[in-house]
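Reader: I would like to go through this structure with you before I set anything up. Could we take it piece by piece?

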Amino acid sequence: QGLRNHGNTCFMNAVVQCLSNTAPLAEFLALGRYRARGARAEVTHRLAALVRALWTRDYTPQLSAEFKNIVSKHSSQFRGNAQHDALEFLLWLLDRMHEDLGAASPAQQTRVPEEVGGPRQGGRTPWLRVGCPSSLTCPHCLKQSNTFDPFLCISLPIPLRQTRALNVTLVLQCERRRFVRVGLAVPLLGTVAELREMVAREGRIPPEQVMGGGGTGHGDTPLSGTLRVLGAVPQVILAEVSPRGFLRSLGDAEELGAAGEGAALYAFQPPPARHAGTAPLLLPASPGATQPGGQRLLPAAARSSDCLHRGAGGRILLLLCNTAGDGPQLARFGPPLVLREERGVSWEQLQQSILAQLRALLRGEVRAQGAGALFRIRLAGGSAPCAYLSPQDPRPLCHPAVDRALQLSGAGGPPHVKLTVEWDVSTKERLFGNIQEEVVQDAESVRLQQQAHRQQHSCTLDECFQLYTKEEQVLGTLP
């Protein structure tokens, strides 16, 4: 039943309705289950009469007017017809009821520790026991301190969504399921290491026993030192790929933050570590394509032939993406790829391996070999200045710039180097036609995760209380 507004008394009426619809308090007041101290408790008496009238449908505007007058008598701040804050009035009214009922006001109470041995024996349990219990335990000496904090109101935290939807494109070594985009619910405060584990489970990518030693070499085995098993880690390389090519690889220690929001996130499964030879690929005759124009080669004094003492053994993981065009017209085409190659290969052998990976995209018949350098190869995704591998270098993958790229590939996942294969537009159209970016099939998880995270996050009052009373670790020492 509604209450009459007696001139800006909406704040008062709202509080009365809240208290009237709090069942235990309504019964306490309407059924007279309280013992007040005579005339001193007239605020509580008037409130009880008003609540009783609301529930028995005996309300008249005179009852709410009398309640307003009594409130004005005991609190000068609520006199007249000015507007007031409802919460401020609620706190005043509850505090006044504590005084009327003969209990110490929570505002007047102090934070008193609980006596050893439990509540006092006999008589009435102290009003302080109705407060909010708080227990502190020292993690070192296990000393415990229990207190009761009296309160009139509690500011409850609202549980927020702890995950966000993230799409990851998997590049797998399975012929039937080579490229697939999956949807994941990643933790907002998680790390890339957690994401790597989730991707490995989703793509059913088995872990690999990582061998470590005293050497600093890269590839399948270190160059020197004693080998030791470091443990099984997911064989997944996480990298951001934009429509123009590779951006960066993600390291395990990084926070997820906005990973995958600025650019598509790809997860690469490396090919098996065993050697897999590739048959030579015949190329179409291409007069004039022996040396792509505009190529910025590495200086001759810094080529790999000057540092062969480092050793050309072992194999290296390469991430590849193909681009065509220049400046604003630069665009990636075809799928990004991953292959494992010998460090000591020549430019011609490296070119053959790359074209073997692209065999399914080539158009028409291929017949002639020795077409020269059909493309340029640029080290990508690092902070170092733009560097191209040289077709004249006898071992381009042994260059010091490749070693630096391996070291910058980030902790997490196997060491790798990102390479951008740059094609002239005419050569690209002759060999591949008008293909653009790869077409990736979406798994059902993409739709499910997007749908789940579009829905408004809701919670119950009980969940808010659970979060409020959740155990937490605080800094400081016990007295």
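Reader: Let me start with strand E13: which of its residues point one way, and which the other way?

Author: Please keep in mind that this is a predicted model. In E13, which spans residues 376-379, Arg376 and Arg378 point one way, while Ile377 and Leu379 point the other way. All of these residues are buried.

Reader: Which residue stands opposite Arg376 in E15?

Author: Glu422 of E15 stands opposite Arg376. The two strands, E13 and E15 (residues 417-423), pair in the antiparallel sense over four bridges.

Reader: And how do E13 and E14 pair?

Author: E13 and E14 (residues 387-388) also form an antiparallel pair, with two bridges. Leu379 has Ala387 in E14 opposite it.

Reader: In what order do the strands of that sheet run?

Author: The order is E12-E11-E15-E13-E14, an open sheet of five strands with mixed pairing. E12 (331-342) and E14 are the edge strands, each pairing on one side only.

Reader: Over how many bridges do E11 and E12 pair?

Author: E11 (residues 315-324) and E12 pair over nine bridges, in the antiparallel sense. Ala324 has Ala331 in E12 as its bridge partner.

Reader: Which strands does helix H7 lie across?

Author: Helix H7, residues 347-357, lies across E11, E12, E13 and E15, and runs at about 125° to E12. Another helix, H9 (residues 425-432), lies across E11, E12 and E15 and runs at about 90° to E15.

Reader: Turning to the six-stranded sheet, what is its strand order?

Author: The strands of this open sheet are ordered E9-E8-E10-E4-E5-E16, and the pairing is mixed. Strands E9 (245-249) and E16 (441-442) stand at the edges with a single partner strand each, so one side of each has no neighbour in the sheet.

Reader: In which sense do E5 and E16 pair, parallel or antiparallel?

Author: They pair in the parallel sense, over two bridges, with E5 covering residues 179-187. Arg181 stands opposite Asp442 in E16.

Reader: Where does H10 pack?

Author: Helix H10, residues 444-454, packs on the sheet and touches E4, E5 and E16. The direction of H10 makes about 30° with that of E5.

Reader: What about H6: which strands does it lie across?

Author: H6 (residues 192-202) lies across E4 (163-171), E5, E8 (237-242) and E10 (264-268). H6 runs at about 135° to E5.

Reader: Let us move to helix packing. At what angle do the axes of H3 and H5 cross?

Author: The axes of H3 (residues 42-56) and H5 (residues 86-100) cross at roughly 115° and come within 8 Å. The two helices are therefore roughly perpendicular to each other.

Reader: Which residues meet there?

Author: From H3, Glu42, Val43, Thr44 and Leu47 meet Trp92, Leu93, Arg96, Met97 and Asp100 of H5. By class, this contact has five nonpolar, one polar and three charged residues.

Reader: Which residues of H1 are buried?

Author: In H1, residues 10-20, the buried ones are Phe11, Met12, Asn13, Val15, Val16, Leu19 and Ser20. Their cover includes H2, H3, H4 (61-74) and H5.

Reader: Now the loops. Is Arg33 buried or exposed?

Author: Arg33 is exposed, with a relative accessible area of 53%. Arg33 is found in the loop between H2 (23-30) and H3. Leaving aside neighbours within four places in sequence, Arg33 is in contact with Glu27 and Phe28.

Reader: I also want to check backbone angles. What is the phi of Asn8?

Author: Asn8 has a positive phi of about 60°, although it is not a glycine. Asn8 lies in the segment before H1 and counts as partly exposed at 31% relative accessibility.

Reader: And what is the phi of Arg204?

Author: Arg204 has a positive phi of about 50° and is not a glycine. Arg204 sits in the loop between H6 and strand E6 (207-212), and is exposed, with a relative accessible area of 62%.

Reader: Finally, the overall numbers: how many helices and strands are there?

Author: The protein has 11 helices and 16 strands. Of its 479 residues, 41% are buried. The protein exposes about 26,400 Å², with carbon and sulfur atoms supplying 53% of that area.

Definitions and conventions: Residues are numbered from 1 along each chain as its sequence is written. This is a predicted model: local features need pLDDT of at least 70, side-chain atom pairs count only at pLDDT 80 or more; totals for chains, interfaces and linings use all residues. Side-chain values use heavy atoms; hydrogens and water are left out. Buried means under 20% relative accessible area, exposed over 50%, partly exposed in between (1.4 Å probe, protein chains only). Accessible areas come from the Shrake-Rupley method with a 1.4 Å probe; for residues, only the protein chains shown count as cover. Two strands pair if DSSP finds at least two bridges between them. Contact means heavy atoms within 4.5 Å. Axes are lines fitted to C-alpha atoms, for helices over the stretch in contact, and angles run from 0 to 180 degrees between N-to-C directions. Angles under 35 degrees count as roughly parallel, over 145 as roughly antiparallel, 65 to 115 as roughly perpendicular and the rest as oblique. Ala, Val, Leu, Ile, Met, Phe, Trp, Tyr, Cys and Pro count as nonpolar, Asp, Glu, Lys and Arg as charged, and the others, Gly among them, as polar.
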